[in-house]
Each structure stands twice: as structure tokens, then as C-alpha cells.
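Colleague: I have some questions about the terms you use for this model. Please set each value against its definition.

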Amino acid sequence: MTDNTGTSLPTSGEIPRDITEMVKSTLNSIGGGILYVPYDPEFMLNTAQTGYSEWGEKLLPNVVLVGGITEFDRGLVTKEKALDLGGTLEELDLPIALEFGDIRKNSLASITLDFNMVDFRTFTGIPFMQAVNNIKVHKGVGEDQLGFTVYGQTLGLRGNIKKIQGRHAAVRLLVQLSVLQVVGKYQKLPYWRLLPDAEPDSIVLDAVREEFYSLEEADRIAKIQEYLYLYGKPVKVTGRLDKSTLDALQAFKSKHALGNATAVSEKVYLALFENIPIEPQTQARRRQANAMIENYQQNLRDLALQETVETVAEAPREVSEPPEVQSELGTLKVWLNKSEFQIGEHLEVFFEVTKPMFVRIVSINAAGQMATLFPNPHQSDNYTLPGEVYRIPPVDAPFTLSVAAPAGLDKIRAIAATQSIPASSLPLTEEGEFDQNKKEHFAFAGAEFEVVDNALEKAMN
């Protein structure tokens with residue numbers, strides 16, 4: 001990484017020509033989760049030309065950091081002030097003359113640094129993984145002159161006072177801040193907490209939101225439990241909202257003024273992410289949390305393997321009866337605003353439960369294509385309570401449900417249970433009907449509507 005402005009040599013090295021070593025030392029100082037691999041293009045080229053392929057224990061990087069100094073304006077602002085004083089004391093019959101001169105020069109320079117992240121495997125830029133930072137550098141020079149004249153004999157005093165903010169030091173600061181920023185973006189870390197008065201990075205927050213909505217309900221809870229454990233709360237990573245998790249969440253919401261935010265919501269998720277304590281104890285808890293996460297994931301793998309083995313078993317085996325959960329299930333009701341829609345009209349879905357349950361609602365069009373209506377990015381908490389009529393979309397929501405082609409009979413299928421319902425395990429047949437063999441564990445409700453294409457009918461007439 002070099003001075004891309006080309007001004008380092010003409011200005012006698014006022015800025016460094018090569019900042020590669022600054023970048024290397026900054027990356028290496030992070031340590032821990034960042035493994036720094038020196039990247040030497042000439043070495044890569046030579047290995048390709050000579051056919052050398054014995055890498056041994058050498059590692060290839062995941063990403064390459066590219067960039068350099070892209071701006072150096074030496075004299076954005078230049079000011080100079082001069083003062084000259086002189087006189088004699090002949091009126092007092094003293095053979096003395098006095099001269100004084102003062103010069104003050106000030107200038108302001110601007111230096112900008114650009115960093116970008118490149119995927120090593122494809123050699124393409126990674127979107128939004130960049131850092132563009134600027135610093136203003138002040139330079140001041142003062143010159144004072146004082147002279148006495150006594151009958152031709154001169155006693156003189158002259159001095160220079162220079163005040164210069166080191167430009168090399170300013171570039172090093174830029175490098176350190178830029179590396180911190182681009183690595184923080186790439187690793188999805190709240191790096192701005194290390195910088196005084198810095199604003200949260202919207203790129204990182206958007207990535208965390210995307211992560212939240214990509215997770216199933218149980219995995220969201222597990223991630224929240226992981227965060228709570230890093231806060232020092234006595235919780236375990238189980239994927240279930242047990243009492244210890246709810247108590248820890250309530251204490252966290254009270255401390256951070258989250259008010260009526262639901263337990264498993266985007267607002268709580270982001271607050272947990274942004275405020276994790278930065279202290280040595282957190283690093284120790286991180287290692288313990290990683291062990292709990294691995295145990296949680298292993299349990300999921302064991303459960304999936306068990307389900308697979310039971311599915312492909314050639315002969316029935318005696319198994320213990322599943323726990324009776326019918327008494328815990330409530331009933332589920334779902335209805336629509338109309339029974340017939342034109343293509344492009346807005347659909348509204350309503351539902352209610354008689355007991356607290358997790359609810360998942362999907363639509364199946366005439367072509368057999370399925371789409372999830374609830375939960376959705378604007379209604380992410382699908383743990384529903386009795387006594388309330390839920391609406392999709394909610395009143396004043398920033399989105400609508402528009403009926404789309406093809407024409408025919410569309411189905412709405414709602415499923416409720418006392419546990420979270422993965423999208424991959426819906427109790428539905430290939431025809432979009434409810435699997436009655438699983439009715440002991442799920443509450444079912446459905447609705448259907450006709451989709452009419454007026455444009456097609458007019459064309460046929």
C-alpha cells in the first residue's frame with residue numbers, strides 16, 4: 001500500500017511513500033480472532049510461473065486488504081502575519097537603536113486514506129467492506145528577530161519557533177482507525193464503541209438485522225442466550241425461553257429502557273449486540289459460551305439424525321408413547337377479509353388463539369408454491385397470546401399483501417404449537433393439506449380464496 005497521490009517524493013517525504021508496514025503492524029496487533037497473512041503478489045506470481053506448489057504449512061488468506069493514501073492537499077489554508085517595530089533613543093541622548101520583527105505562518109493540510117476488502121478466492125470486491133477516512137494536519141512556523149545597535153556595534157538575537165503536527169503520525173492514526181473500521185465491518189462487530197463520540201455503523205447493524213431474520217425462532221433464542229451469558233447472566237444456551245432467560249431479559253430491558261419490547265425482537269437483539277461489556281471477564285465467558293453453543297448445535301444434529309433414522313427404518317419399532325400435549329394446546333382460528341380477489345388486490349389475514357402458542361402461517365397458490373406470511377420481518381415475534389385478534393399486515397404497517405397470479409384456488413394454512421415451529425417441519429402434505437397424523441402436537445386452521453384474473457376474462461370475451 002503506497003502513496004497513490006505521488007506527492008511523497010516532491011514534498012521531501014512530508015507523507016510516507018509506503019504505508020504497508022503500518023498496516024501489517026496494526027493488523028498483527030489485533031491478534032485473537034484475526035489471523036494476519038502477509039500478502040506478496042510477487043511471490044504468488046513466481047510460484048505460478050515456476051510451477052511451485054508445495055505450500056506446506058503456509059496459509060492462504062480469506063480476504064485481501066487493498067488501498068493507500070488517496071489525497072494530500074498541503075495548503076488548504078495558509079495564513080501569514082508579520083510585525084516590524086523599530087526606533088531609537090536619541091531623544092534621550094542614548095546612542096541606542098532597537099529593531100524587532102515577528103513572523104507567524106500557519107497552514108492546514110488534508111490527508112485521506114482509502115481501504116477496500118477483496119475476496120481472495122474470486123478477487124472481487126466485497127460490497128460495503130470499505131473505509132474512507134480523512135484527517136486535517138496543522139503546521140505552524142514562528143520567527144522572531146531582535147536587534148540592538150550601540151554606536152555601530154550590533155548585538156543581535158534571532159530565533160525560529162516551529163510547531164508542526166507530525167504528518168507521519170497522522171497517517172499512522174488514519175491507518176489504525178481505518179483497519180479497525182474495515183475489520184469491524186467484516187467481522188460484524190460494534191467497533192465504534194472503541195472510538196470517542198463515534199456513531200453506530202449502519203452497515204454492521206443491517207447485517208445483524210439480516211442475521212436476526214434469517215434465524216429460526218429457536219436459534220434466535222439461542223443467540224440471545226449467548227449474548228446474555230456474555231453479560232454475566234446465569235443462563236444456558238438451550239433455544240428455549242426458560243425462566244432464567246426471561247428473568248435475565250427483563251433485567252436487561254429495564255436497564256436499557258427497552259420498555260414494552262417483546263423478548264425475542266429485533267430491538268432487543270440489536271441492543272444486546274451493541275452493549276456487550278468490553279472487559280477481560282467477557283473474553284473468558286466467550287470461551288465458555290462457545291462450548292455451550294457447540295453443545296446446543298450437537299443436540300440439534302443428534303435430533304435430526306434420530307428423526308432421519310426413524311424415518312428410514314425398515315420395520316416398526318417399539319417406542320415410548322409421545323408425551324400427551326393435547327391438553328396444553330389451545331384452538332386456532334383464521335379468516336380473511338374476502339373470499340375472492342382480483343390479481344393485485346390486497347389480502348388481509350386475521351387469526352386468534354385460545355392459549356399462548358407459537359403460530360406459523362403460510363400461503364399456497366394454485367401452482368403449489370408456498371410462501372410464509374407469519375412471522376415476517378415486521379412481525380418477527382410469533383409467540384401469540386389469547387384475547388387478541390392478530391392481523392397480517394398490522395394496521396399502519398409499511399407493507400401490504402398483494403394477491404398474485406396464477407388464477408385459481410389459493411390456500412391459507414395456519415399451524416400452532418407450544419414449541420417453536422421450524423419452517424422446514426410444517427405438518428403439511430404435498431397437496432397443502434394438514435397432516436392429521438400430527439394433530440396431537442399441532443393446532444390447525446385454514447382458509448381458502450379464489451383468485452380471479454379479470455384481464456384474462458376480458459381477453460377471452
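Colleague: Which order do the three strands of the open sheet have, and what is their pairing?

Modeller: The order is E5-E8-E12, and the pairing is antiparallel. Strands are DSSP runs of E with at least two residues, helices are runs of H or I with at least four, and both are numbered from the N terminus. First, the basis: this is a predicted model, where local features need pLDDT of at least 70 and side-chain atom pairs count only at pLDDT 80 or more, while totals for chains, interfaces and linings use all residues. Residues are numbered from 1 along each chain as its sequence is written, and side-chain values use heavy atoms, without hydrogens and water.

Colleague: What makes E5 and E12 edge strands?

Modeller: E5 (332–336) and E12 (390–392) each pair on one side only. Pairing requires at least two DSSP bridges between two strands. E5 and E8 (residues 349–353) have five bridges, in the antiparallel sense, so they pass that cut-off.

Colleague: Why is Ser178 called buried?

Modeller: Its relative accessible area is 0%. Buried means under 20%, exposed over 50%, and partly exposed in between (1.4 Å probe, protein chains only). Ser178 therefore counts as buried. The residue is found in helix H3 (residues 167–187).

Colleague: Which residues are in contact with Ser178, leaving aside neighbours within four places in sequence?

Modeller: Leu113, Phe115, Ala131 and Asn133. Contact means heavy atoms within 4.5 Å.

Colleague: Why are the buried residues of H1 placed on the same side of the helix?

Modeller: In H1 (residues 20–30) the buried residues are Met22, Val23, Thr26 and Leu27. They cover an arc of only 125° around the axis, which puts them on the same side of H1. The arc is taken from the directions from the helix axis to the C-beta atoms. An α-helix has 3.6 residues a turn, so residues three or four places apart point the same way. The face turned away carries exposed Glu21, Asn28 and Ser29. Just after H1, Gly31 takes a positive phi of about 65°.

Colleague: At what angle do H5 and H7 pack, and how far apart are their axes?

Modeller: H5 (residues 217–230) and H7 (residues 266–274) pack at about 35°, with axes 10 Å apart. Axes are lines fitted to C-alpha atoms over the stretch in contact, and angles run from 0 to 180 degrees between N-to-C directions.

Colleague: Which residues meet there?

Modeller: Arg220, Lys223, Ile224, Tyr227 and Leu228 in H5 meet Tyr269, Leu272 and Phe273 in H7.
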